[in-house]
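I opened this notebook to record what I looked up in one structure. The entries below follow the order of my reading.

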Amino acid sequence: MKDLFREKKNVVRLILFLLAVILAVGAFTAGVTGYLHRDSGYYDVDYSAKTATMLFDSGVHLKYYVSGSSAQIRAELHEVQEVYSDTLLWLYQQLDAEHQYEGVVGLAALNAAPGEWVKVDAVLETALGDALTRTQAGEGYSVFAGPLYREWQTLRYLEEPENADPVNNPEERAILEQLAAFIGDPSSFSLEIEEGRARLTVSEAYQAWARENEIDAPVLDFGLLRDAYLLDRLAQYMRYRGYTSGYLYTDSGLSLQMALDGDTSYQLLGLKDGEAAAVGAVTLPSPSAFCQFTAFSLTGEKYGYYTLKQGGVTLYRHPWIDLQTGGVRQVLLTAVLGGKMTALTDLAYDMIRLNECADQAEVNALLEGLPADVFASYTLQNDPTPTLYVRNGNGAAFEEQAESGFRTQNLTDR
């Protein structure tokens, strides 16, 4: 009897064990199935495995809408990921001012061979031609500002940037001012572009000064227009391949809605109680472009943005340095420009011009001269009465958010 009891007990244990295994396998299968299941909607599209290491700090992102069965959604997301990642990587390498890559002749190749003709791809040639034209306009942008961008970025990423800030450090202020002077002098740098090739020339005077001051940053740099060139050409290629159901955006504040119809709502930001806050919204017809500037970090990131006090006034430090003076204008706190998707580079360029303005009157005059279909809004630094200034553009639908505590003042509607 004792052996029989043991055998029955073992059988029960075996049955219970098998039931546990079945339940575990079932739960695991359900978990995997749930993890792999996809519903229709917008998805963040990551970089592919083969490009992720190179693109991790590109600052470019894609949200894409897919619909259909779960299997169809997974398949389409994979296709979109491959096209998006491969195209972005190729463009990123082309426009990189410092690093050279095997099999790619990019901007860094020109920086590495001043005085020599370098064969360039059509994408780079087009971007260089556009950047050179905007440089020659003398409105606050320069494709030769690489050393100034590098110097200013290095300062902003210090553990205690306030000590090295130009208002506290005369030596740093002199370096920034001298760099701005070289950039503004047409004899310092030149760029020649012919069909399929380009040549950078750097003056002996600048080279000698750079050696003396241990400045080794590349001269050619697309700077604050680099992300606009990236997104513009990336969107063109994706639309050519038929992928239009999504929007691209960058950490620097640029967005492109690629959809062929419908509309998109964008938040307008201000600063409330020391933090970013929505103070309005604008809806633009798709496909659309959106360019946003803030003098403060949107994510609370420690590096790259900071403030300091001077004479009881808060000074904001951010990437948008004034190339004419080597300083930072203390006018705009936030600004937005929105319009057609094809206008992204123009909007980014106009945002640079806005950050060169000496006062609000110059800001308003510049906005008045923009195309009629451009929406614009801005807030001011140290504004005693928090105000969102709005200039409507054709096709834009502005929505006020009274609960934000900001009043709205309309500029001349176009």
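The entries concern one threonine and then the cysteines.

**Basis.** I worked from a predicted model, in which local features need pLDDT of at least 70 and side-chain atom pairs count only at pLDDT 80 or more, while totals for chains, interfaces and linings use all residues. Residues are numbered from 1 along each chain as its sequence is written, and side-chain values use heavy atoms, with hydrogens and water left out.

**Entry 1: Thr 135.** I located Thr 135 in helix 5, which covers residues 122-136; helices (H or I, at least four residues) are DSSP runs numbered from the N terminus.

I next looked up the side chain of Thr 135. One of its polar atoms lies 2.7 Å from the backbone oxygen of Ala 131. The side chain of Thr 135 also reaches the backbone nitrogen of Val 143, at 2.9 Å. Neighbours within four places in sequence aside, I found Thr 135 in contact (heavy atoms within 4.5 Å) with Tyr 141, Ser 142, Val 143 and Phe 144.

**Entry 2: cysteines.** How many disulfides are there? I found zero, taking a disulfide as a pair of cysteine sulfur atoms within 2.5 Å. Cys 291 is in no disulfide, and its nearest cysteine sulfur, that of Cys 357, is 14 Å away. I noted that this distance of 14 Å between the sulfur of Cys 357 and that of Cys 291 is too far for a bond. Cys 291 is buried at a relative accessible area of 0%, and Cys 357 is buried at 4%.

How values were computed:
Helix = DSSP H or I, 4+ residues; strand = E, 2+ residues; numbered from the N terminus. Polar contact = N/O pair within 3.5 Å; in protein donor to acceptor, adjacent residues only side chain to side chain. Buried < 20%, exposed > 50% of the residue type's maximum accessible area, 1.4 Å probe, protein only.
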